Amino acid sequence: MSDLTHVYAYVDARREEFVDLLLRYLRQPSISTQDVGVEVCAELVLGMMRDCGLEARLLPTAGKPVVFGQRAVDPGRRTVLIYGHYDVQPVDPLEAWETPPFEPTIRNGRIYARGAGDNKGQHLAQLLAVRSYLATEGALPVNVKVILEGEEESSSPHLARFVEEHRELLAADLVYTSDGPVHESGRPQVVLGVRGILYVELRARGPKSDLHSGNRGGVVPNPAWRLVEVLASMRDAHGRATIEGFYDDVRPLTAAESAAIARLPLDLAKVFASYGVTRLPPPEGLGYYERLMAQPTLNICGFASGYSGEGMKTIIPATATAKLDMRLVPDQDPDDVFEKLTRHVRERAPDVAVARLGSMLPSRTPIENPYTQAVIAAVAEATGEEPLVVPSLGGSLPDYVFTRILGLPSVTVPYANPDESNHAPNENLEIERYLKGIKICATVLRNVGAPEPATAAARGAAVA
Ligand SMILES: [Zn+2]
């Protein structure tokens with residue numbers, strides 16, 4: 001494989017220019033939830049893509065356009081599909097910003113601006129990796145495709161549809177994303193998946209209106225008790241969900257995933273202190289990261305019924321509602337879990353209504369996948385540090401559009417500093433990490449293009 005010293009040197013020599021480019025990008029607001037500047041920003045990054053050597057165009061969706069770029073080298077070569085988002089979070093509270101969010105400012109080696117880390121700095125690094133590679137090597141080692149979405153901060157309402165409708169255009173061997181921060185220890189990390197989610201609301205009805213609990217007590221059923229009974233029936237004394245078949249499709253961790261989890265730093269005492277708790281919840285016998293990454297949850301997010309103001313009010317409430325979220329792991333399917341939960345409730349309390357409020361599929365790319373290994377090696381080479389490997393985040397992101405709809409391995413390598421303050425005032429990105437991101441991406445492209453990472457057979461078995 002070619003030595004990338006000259007690519008790295010090219011990046012270092014253009015430090016100021018690359019920082020200026022990011023400053024220019026950050027001056028353009030693009031708040032999707034408030035519809036501020038998004039289209040103008042799409043045009044701006046379209047031009048930046050072209051300047052980096054990609055053929056680029058805007059592709060419409062039912063919402064904001066996707067900025068698509070590609071550099072085709074050779075159909076026989078592998079293809080890396082890079083994902084990012086050019087929209088940003090709202091800026092309020094504005095008064096908490098030390099300098100205005102869309103007037104990027106450099107202080108202490110960091111660029112302060114809305115979108116610096118989330119996500120403009122991180123995907124501009126990928127575009128500049130393409131440019132740096134072309135400038136030094138003359139040609140890319142892989143075909144590169146880039147999609148930049150304009151609605152990620154509004155929960156990507158049109159991404160799945162877009163991907164479904166552009167399967168051929170997006171055909172690739174690996175999806176590569178940089179978003180979020182490196183590990184809080186400052187070490188690089190490679191993230192391979194997310195948990196999915198199913199969100200439901202249970203509603204029990206009692207009398208037509210709240211009633212006097214003395215005058216009617218004992219003769220009118222109470223919906224709060226009804227709901228408490230249904231909720232209690234969903235979990236056993238050891239904290240395991242009792243909804244029939246709930247765990248059926250939970251995929252056990254592989255040996256490699258368990259080993260990666262065992263290497264993740266953990267200070268339980270510190271975790272407990274920071275949340276003001278003293279123990280892990282039931283069930284027992286599960287490790288901290290195994291719970292977060294490889295186990296589903298059945299969580300009560302909210303419960304509302306009757307009177308909860310000050311002092312006494314003696315009533316039988318008319319209604320009771322509970323909101324539940326279930327974090328799902330591969331290979332659980334939200335449709336299937338919803339059906340199982342609905343059946344559970346119907347059999348025990350047919351009068352309790354179940355409404356589905358939202359869902360997202362889980363996603364996990366195997367650690368053993370050759371492209372995963374190629375990315376891990378690239379991060380180690382470009383940063384000089386062995387990255388932590390995180391099989392899954394606890395939270396939910398639409399990674400399934402790549403792993404399930406396109407059937408591709410999808411790997412995320414965050415570039416931002418742990419204190420990037422994304423979604424908060426004074427969002428910032430360390431300039432060194434931005435430049436390192438360019439080098440990481442260049443190394444990823446080289447490694448994926450190298451003959452070793454994937455044989456044809458391995459490619460067929462790439463995604464589980
Ligand atoms: Zn964000």
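Colleague: At roughly what angle do the axes of helix α2 and helix α4 cross?

Modeller: This is a predicted model, where local features need pLDDT of at least 70, side-chain atom pairs count only at pLDDT 80 or more, and totals for chains, interfaces and linings use all residues. Residues are numbered from 1 along each chain as its sequence is written, and side-chain values use heavy atoms, without hydrogens and water. Axes are lines fitted to C-alpha atoms, for helices over the stretch in contact, with angles from 0 to 180 degrees between N-to-C directions. Here α2 (residues 15-26) and α4 (residues 116-137) have axes that come within 10 Å and cross at roughly 135 degrees. Angles under 35 degrees count as roughly parallel, over 145 as roughly antiparallel, 65 to 115 as roughly perpendicular and the rest as oblique, so α2 and α4 are oblique to each other.

Colleague: Which residues make the contact?

Modeller: Contact means heavy atoms within 4.5 Å. From α2 come E17, F18, L21, L22, Y25 and L26, and from α4 A116, K120, G121, H123, L124, L128, R131 and S132.

Colleague: Which residues touch the most other members of the largest nonpolar core?

Modeller: In soluble globular proteins, nonpolar side chains tend to be buried together. A nonpolar core joins buried (under 20% relative accessible area, 1.4 Å probe, protein chains only) Ala, Val, Leu, Ile, Met, Phe, Trp, Tyr and Cys residues through side-chain atoms within 4.5 Å. In the largest, with 72 residues, Y176 and Y434 touch the most other members. Helix α13 (residues 431-449) gives the most to this core, 10 residues. Beyond its neighbours within four places in sequence, Y434 contacts residues including F18, L22, G121, L124 and L128.

Technical notes
Helix = DSSP H or I, 4+ residues; strand = E, 2+ residues; numbered from the N terminus. Buried < 20%, exposed > 50% of the residue type's maximum accessible area, 1.4 Å probe, protein only.
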